[in-house]
Amino acid sequence: MSRWFRSEPMEYISLIVNEDAAHDCLADLGKLGVIQFTDLNPDLTPFQRRYVSYVKRCDELERKLRFFAGECDRFNLDIASAGDVEEFINTSGATKEKQLLESLEVELEGYESQLKELNSYSEKLTVEYNEKVELQEVLEKARRFFMTDAPRLAYSELSTNREDRSEDLLGNDGGRDLDMRFSSITGVVSSEEKNRFE
């Protein structure tokens, strides 16, 4: 990396480069580390400049990388370092530099879509697992209830209602109504509805 000292001699020059060769020339000058650029259009906002589309693309790549880093932190995954920036710039060839942004966009887009799909599957599986655990708890509580308390309650109800039931099977429906009555209801109440039952 270049170092700037106030005592070093500097010259102010104007550099005119063809647009087709500008990228390669600036990349080589940047690797030398002996040049500093002056903004000739300081009044322009970043959105009025010609390279604003590249800045937006780089911002989008940075957002995706932050998303990946956040997901790795969420699952406590260690991220291995890929090296420093200067090593990456020096090892990338001239042909690769022109296609570097496009290849990174395609690669990170694929990884992001895969990770979002895996996250949606994980959330769906978590919800389904929690529902199954809730139903298992309901079945376990109901089994305990019907093994211990329900026979006693049913016997007491039958003994008190035996004299009220009609013995006529064809003419009176009163006995049928008593047989179809629900005495126990089991289920899971969502957390939003629990205040109604308290």
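Arg74 is partly exposed, because its relative accessibility is 49%. That value comes from a predicted model, as do the others here. Arg74 has a partner in Glu71, and the two form a salt bridge. Their closest N and O atoms are 3.5 Å apart. Both residues belong to helix 2. They sit three residues apart, about one turn of the helix. An α-helix has 3.6 residues a turn, so residues three or four places apart point the same way. Glu71 is buried, because its relative accessible area of 11% falls under 20%.

Where is Asn119 found? Asn119 is part of helix 4, which covers residues 94–161. Asn119 counts as buried because its relative accessibility is 13%. Set aside its neighbours within four places in sequence, and Asn119 is in contact with Phe67, Glu71, Arg74 and Phe75. Glu71 and Arg74, the salt-bridge pair, are both among those contacts.

Now take helix 2 as a whole. It runs over residues 52–74 and has 23 residues. From its first C-alpha to its last it reaches 33 Å. That is close to the 33 Å expected at 1.5 Å a residue. Which residues of helix 2 are buried? They are Val52, Leu61, Lys64, Phe68 and Glu71. Just after the helix, Asn76 takes a positive phi of about 55 degrees.

Side chains of opposite charge can pair when their charged atoms come close. The side chain of Lys64 meets that of Glu109 in a salt bridge, at 2.6 Å from N to O. This pair links distant parts of the chain, with Lys64 in helix 2 and Glu109 in helix 4, 45 residues apart. Is Glu109 buried or partly exposed? Glu109 counts as partly exposed, because its relative accessibility is 40%.

Lys116 pairs with Glu112, and their closest N and O atoms are 3.5 Å apart. The two are four residues apart in helix 4, so about one helical turn separates them. Glu112 counts as buried because its relative accessibility is 3%. Lys116 is partly exposed, because its relative accessible area is 45%. Salt bridges that share partners join Glu60, Arg63, Glu112 and Lys116 into one network. Across the whole structure, a search finds twelve salt bridges.

Last come the aromatic rings. A pair of aromatic rings is described by the distance of the centres and the angle of the planes. How many aromatic pairs are counted? The count comes to one aromatic pair. Its rings are those of Phe67 and Phe68, with centres 6.0 Å apart and planes at 50 degrees, so the pair is tilted. An angle under 30 degrees would count as stacked, and one over 60 as edge-to-face. Phe68 counts as buried because its relative accessibility is 15%. Phe67 is partly exposed, because its relative accessible area is 21%.

Notes: Residues are numbered from 1 along each chain as its sequence is written. This is a predicted model: local features need pLDDT of at least 70, side-chain atom pairs count only at pLDDT 80 or more; totals for chains, interfaces and linings use all residues. Side-chain values use heavy atoms; hydrogens and water are left out. Buried means under 20% relative accessible area, exposed over 50%, partly exposed in between (1.4 Å probe, protein chains only). Contact means heavy atoms within 4.5 Å. The expected span of a helix is 1.5 Å times one less than its number of residues. A salt bridge is a side-chain nitrogen of Lys or Arg within 4 Å of a carboxyl oxygen of Asp or Glu. Rings of Phe, Tyr and Trp (its six-membered ring) pair if their centres lie within 6.5 Å; planes under 30 degrees apart count as stacked, over 60 as edge-to-face and the rest as tilted.
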